[in-house]
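The following note sets out points for a colleague who is reading the model alongside its sequence. Please consult the structure while going through the numbered paragraphs.

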Amino acid sequence: MSETANTNKEKKLNGRRALPSNNSNDEENEVPEMEAFGLIPRGFNPKDYLRVVDIHMFKEPQEVNKQQHHTDKYYNPKLIVRRGQPFQIQIDFNRPYRPETDKFWLEYLIGRYPQQNKGTYIPILVGHVLKPGEWGAKIIHKENNSIRLSIMSSATCIVGKFRLYVAVWTPFGILRTHRNSATDTYILFNPWCQQDAVYLDDEKEREEYVLNDVGIVFHGNINDIKLRSWSYGQFEENILDACLFLMDKAELELSGRGNPIKICRVASAVINSRDDNGVIAGSWDNMYDYGVAPSAWTGSVDILLEYYSSKQPVRYGQCWVFAGVFNTFLRCLGIPARLITNYSSAHDNNANLQMDIFLDNEGQVDTKMTKDSIWNYHCWNEAWMTRPDLPVGFGGWQVVDGTPQETSDGMYRCGPASVQAIKHGHVCFQFDAPFVYAEVNSDIVYSRKDKNGTQVIEKIDTTHIGQLIVTKEVGGDGMMEITEEYKFQEGSDEERLALETAVMYGVKKQTTQDTTYQPQTDVDMELQVQKVVIGSDFKVTITFRNKSRNYYTATTYLSGNIVFYTGVAKNEFKKHSFSAKLEPYSSSAFDVVIKSSEYLSDLLDQASFHFFVTARINETGKILATQKATVLEIPTLRIKTQGEMVAGKEMSVTVEFTNPLKQTLENVTLRIEGPGVLRTMKKEFRQIPTNSTLTWEIKCIPKLPGLRKLIASLNCNALRHVYGELNVQIQKP
């Protein structure tokens with residue numbers, strides 16, 4: 001099998017290996033149709049021997065293979081099966097098959113340099129029994145010139161697209177079928193197979209985490225959770241090929257493609273464009289020229305197909321876009337996966353489990369000194385697999401993150417990190433557990449330099465970071481809280497122990513010995529922000545509770561900032577200071593009004609604000625500090641359908657939107673998509689005047705019956721993150 005095609009793409013050898021690296025599923029070698037054993041006698045006629053006339057793959061969605069292997073939803077004409085589970089093919093010969101004298105076997109090949117010991121060349125002899133989880137074939141039916149075979153693939157085999165040949169032995173050489181791409185077979189991970197590393201034992205979870213092609217992204221912030229749908233579209237046309245191409249792009253050796261740990265690790269790097277020209281270019285600066293604003297995407301399909309055809313990074317993404325595309329990749333290959341949102345996520349630049357917020361002498365935040373940022377939310381993925389590389393007990397959900405935040409082994413990637421290891425503080429286990437541990441467990445430390453240069457800690461907040469971690473519930477659109485999968489109850493003995501374990505394993509935790517920390521304990525300060533729709537005025541309320549018998553005055557500063565959802569401030573739009581008189585044993589509340597004219601001109605993507613309040617108690621010199629992020633309500637799109645909704649028949653969909661702002665919206669883009677109902681459609685509108693309603697009607701022909709989801713987005717410079725969705729029940733024709 002070592003004959004290789006002498007094309008001009010011949011790879012360079014590097015002197016260390018006999019064959020070049022085999023890391024493209026796309027490349028092929030030439031396989032001889034006649035492999036002679038020596039000199040062929042003159043009278044030899046191949047037609048005298050058993051000859052293959054046709055091969056039937058039973059590859060239609062309604063046929064046995066795709067039904068049994070849960071691959072009937074893939075919009076792909078070829079056979080797609082899952083590993084470690086038998087599938088059937090039929091071979092038609094030129095005459096009846098005689099087992100006593102005829103000898104034939106199957107050959108599955110992948111890549112340019114097939115080798116048996118690498119699992120890239122798989123010869124299969126026909127036997128009498130199939131062993132679970134091992135390559136084999138047996139005849140289950142004989143009729144006239146045809147035989148039907150049941151073929152078992154290995155539960156650990158390479159995941160990808162294999163070429164199939166049937167070889168027949170003759171005394172003078174081996175006769176093979178010619179190359180026929182119609183018999184190509186995709187082999188995927190199999191969460192239904194107990195021997196597979198991604199085996200998941202709950203059918204409802206498999207339906208959600210492998211077969212559901214739409215999901216929900218939770219965003220907003222901890223005080224105002226927002227949700228939007230995302231179309232994963234893992235079964236759409238060409239998506240499977242695009243996902244296999246990502247592994248070629250990452251140059252993952254074919255022999256490593258049966259291992260979900262390796263696949264997740266290289267995919268978390270190739271999903272972002274940093275350092276490898278991967279799928280999505282991130283942009284967090286509110287400038288999206290020459291690209292699509294992250295908030296405008298409604299799903300992964302357009303992004304993956306654009307990358308597959310252009311081979312250039314698609315612009316632009318932010319965390320939920322990276323996570324949405326990563327989820328599509330994982331589910332498409334058969335690895336159970338879900339999208340996670342961590343509210344108040346720490347992006348800790350020096351991994352010391354401490355978000356340092358520095359105040360100046362006035363008690364205001366020193367933006368030059370403060371490097372760490374708290375993201376309102378951050379999305380990543382969990383993938384389900386065993387971890388034979390770790391001690392027992394660390395399999396199950398693994399964190400993988402395609403958003404480029406920090407480098408790991410020299411590349412922007414993160415994971416897989418065991419969720420169980422993070423919970424218990426066992427952050428010594430690969431990969432990147434300390435970084436994820438910090439994202440969900442850091443403390444916020446407010447400190448300022450005293451006049452004599454000592455660092456004075458004004459406040460330590462141990463509960464703000466990672467206070468809520470969520471994902472979409474199984475089988476519904478609701479929210480499922482999974483915070484306790486990542487951490488023990490705040491303040492419990494177990495939580496302290498996990499922290500000490502993490503510190504023991506090298507997570508840096510700065511001590512507070514060299515700094516003085518004596519907070520003011522007899523006065524509490526609280527911050528409340530009114531919820532309003534974008535474009536309205538609102539108020540911020542600061543409440544003091546004086547629990548002592550003393551009379552205090554507090555010099556109070558409020559700073560309002562427009563922030564990116566990553567917690568990075570764009571600019572301060574509101575400064576307000578006042579003196580508060582605090583009577584003994586009483587509460588007093590102070591309102592500050594924020595006018596829409598103060599914030600509208602600078603508003604960013606997600607309409608996020610961040611308020612800091614610091615108050616100095618004049619009598620003691622102590623400082624109280626608190627902060628709160630808030631998001632404005634953004635109007636939604638309305639989607640309606642008219643007439644009957646039947647698979648294969650034209651239906652009508654209308655999208656409506658009313659502009660709530662006191663300004664005209666310009667250059668507005670609408671997009672809508674729905675897996676199985678309609679491919680992404682886009683429309684541009686020049687202007688939408690204030691308070692006026694836009695209507696867009698489209699016609700489409702749904703492909704598949706069942707419960708489907710339509711997802712729409714509206715985007716323009718003044719207003720982003722406008723979404724709408726509708727569940728539609730498509731009837732059978």
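1. Helices (H or I, at least four residues) and strands (E, at least two) are DSSP runs, numbered from the N terminus. The model is predicted; local features need pLDDT of at least 70, side-chain atom pairs count only at pLDDT 80 or more, and totals for chains, interfaces and linings use all residues. Residues are numbered from 1 along each chain as its sequence is written, and side-chain values use heavy atoms, with hydrogens and water left out.

2. Trp375 belongs to strand β18, which covers residues 373-385. Its relative accessibility of 5% makes Trp375 buried (buried means under 20% relative accessible area, with a 1.4 Å probe and protein chains only). The Trp375 side chain forms a polar contact of 3.4 Å with the side chain of His347; such a contact is a pair of N or O atoms within 3.5 Å, where, within protein, one must be able to donate a hydrogen and the other to accept it, and residues adjacent in sequence count only if both atoms are side-chain atoms.

3. Where does UniProt place the feature "binding site"? The unreviewed entry gives Asn441, Asp443, Glu490 and Glu495; UniProt positions follow the numbering used here, feature names are shortened, and annotations may be inferred rather than shown by experiment. These residues span 55 residues in sequence, yet no two of their C-alpha atoms are more than 13.2 Å apart, so they gather at one spot. Asn441, Asp443, Glu490 and Glu495 are also included in the lining of the largest cavity. On a 1 Å grid over the protein atoms alone, a cavity is a set of points where a 1.4 Å probe fits but cannot get out, and lining residues have an atom within 4 Å of a point.

4. Two of the annotated residues may be located further. Asp443 lies in strand β23 (residues 443-449) and is buried at 11% relative accessible area. Glu495 lies in helix α10 (residues 493-504) and is buried at 10%. Neighbours within four places in sequence aside, Glu495 touches Phe488, Gln489 and Glu490, contact meaning heavy atoms within 4.5 Å. A polar atom of the Glu495 side chain is 2.7 Å from the backbone nitrogen of Gly491.

5. Helix α5 (residues 301-310) has Val301, Ile303, Leu304, Leu305 and Tyr307 buried. The partners against which the buried residues of α5 pack include helix α3 (239-249), helix α6 (319-333) and strand β37.

6. Strand β36 (residues 665-674) pairs with β37 in the antiparallel sense over 8 bridges, and Val668 stands opposite Phe685 in β37.

7. Which strands form the open sheet of 3 strands? The order is β34-β35-β38, with antiparallel pairing. β34 (638-642) and β38 (693-700) are the edge strands, each with a single partner, so one side of each lacks a neighbour in the sheet. Strand β35 (residues 651-658) is joined to β38 by 8 bridges, and Val653 stands opposite Ile698 in β38.

Terms used: 1 Å grid on protein atoms, 1.4 Å probe; cavity = no way out; pocket = protein on both sides within 12 Å on 5 of 7 lines; lining within 4 Å. Buried < 20%, exposed > 50% of the residue type's maximum accessible area, 1.4 Å probe, protein only. Pairing = 2+ DSSP bridges.
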